[in-house]
Amino acid sequence: SKYNIIDFKMWSDEEIKGKILHKLSRLGKFKHSHTSIDNVPKGFPPEIRKRVKDMAKELKREGILFSKPTHYGEEVSINANMKEKIIYYINKFLETK
């Protein structure tokens with residue numbers, strides 16, 4: 001295999017959620033600024049992109065991500081009212097860098 005197993009970082013669910021929120025917050029995706037749900041896994045290692053999609057669903061269930069259905073697909077943005085939880089997850093991601 002061309003991949004060395006040792007290179008794969010073991011991502012916790014909280015770290016994945018943190019990276020999602022870190023990325024969306026850097027892009028300014030709050031309230032009325034949305035991005036396609038298909039953009040969320042970009043920037044993650046290919047082998048965990050399915051888990052990234054699952055974590056995005058969990059963030060929606062937790063009320064941290066807003067979902068906006070459109071005729072061209074689902075869009076998401078961050079619920080700024082959930083600031084404490086957002087900061088918690090982003091810190092979990094940043095601690096591992």
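**Entry 1: the parts list**

How many helices and how many strands does the chain have? I looked through the predicted model and found three helices and three strands. Reading from the N terminus, I noted the order α-β-α-β-β-α. The chain has 97 residues, and 36% of them are buried.

I checked the confidence next. The average pLDDT of the chain is 90. A score of at least 70 is reached by 90% of the residues. Residues 1–7 stay under 50. For that stretch the model has one contact beyond four places in sequence. Where pLDDT is low, predicted coordinates should not be read in detail. I left the details of residues 1–7 alone.

**Entry 2: helix α1**

I moved to α1, which covers residues 13–26. It has 14 residues. From first C-alpha to last it reaches 20 Å, close to the 20 Å expected at 1.5 Å a residue.

Is α1 largely enclosed or largely open? I found 10 of its 14 residues buried, so α1 is largely enclosed by the rest of the structure. The buried set includes I16, I20, L21 and L24.

After α1 comes G28, with a positive phi near 75°.

**Entry 3: helix α2**

Next I took α2, residues 49–61. At 1.5 Å a residue, its 13 residues should span 18 Å. Its end C-alpha atoms are 19 Å apart, which agrees.

Which residues of α2 are buried? They are V52, M55, A56 and L59. Seen down the axis of α2, they fall within an arc of 105°, so they line one face of the helix. The spacing made sense once I recalled a general rule. An α-helix has 3.6 residues a turn, so residues three or four places apart point the same way.

I turned to the face of α2 directed away from the buried side. The exposed residues K50 and R61 sit there. On the buried side, the cover includes α1, β2 and α3.

Just after α2, I noted G63, with a positive phi of about 80°.

**Entry 4: the sheet**

In what order do the strands lie in the sheet? The three strands form an open sheet, ordered β1-β3-β2, with antiparallel pairing. β1 and β2 stand at the edges with a single partner strand each, so one side of each has no neighbour in the sheet. In general, strands of a sheet pair through backbone hydrogen bonds, either parallel or antiparallel.

I looked closely at β2 (residues 65–70) and β3 (residues 73–78). Six bridges join these antiparallel strands. I traced two of the bridge pairs. L65 is partnered with I78 in β3, and S67 with V76 in β3. A hairpin of two residues connects β2 to β3.

**Entry 5: two loop residues**

I finished in the loops. K31 lies between α1 and β1, the strand of residues 35–36. Its phi is positive, near 50°, although K31 is not a glycine.

N79 is in the loop between β3 and α3. Is N79 buried or exposed? Its relative accessibility is 9%, so N79 counts as buried, since the cut-off for buried is under 20%.

Which residues does N79 touch, leaving out those up to four places away in sequence? I found G63, I64, F66 and I86.

N79 and K31 are 48 residues apart along the chain. Their C-alpha atoms are separated by 6.5 Å.

Methods: Residues are numbered from 1 along each chain as its sequence is written. This is a predicted model: local features need pLDDT of at least 70, side-chain atom pairs count only at pLDDT 80 or more; totals for chains, interfaces and linings use all residues. Side-chain values use heavy atoms; hydrogens and water are left out. Helices (H or I, at least four residues) and strands (E, at least two) are DSSP runs, numbered from the N terminus. The expected span of a helix is 1.5 Å times one less than its number of residues. Buried means under 20% relative accessible area, exposed over 50%, partly exposed in between (1.4 Å probe, protein chains only). The arc is that of the directions from the helix axis to the C-beta atoms. Contact means heavy atoms within 4.5 Å. Two strands pair if DSSP finds at least two bridges between them. pLDDT is the predictor's confidence in each residue, from 0 to 100.
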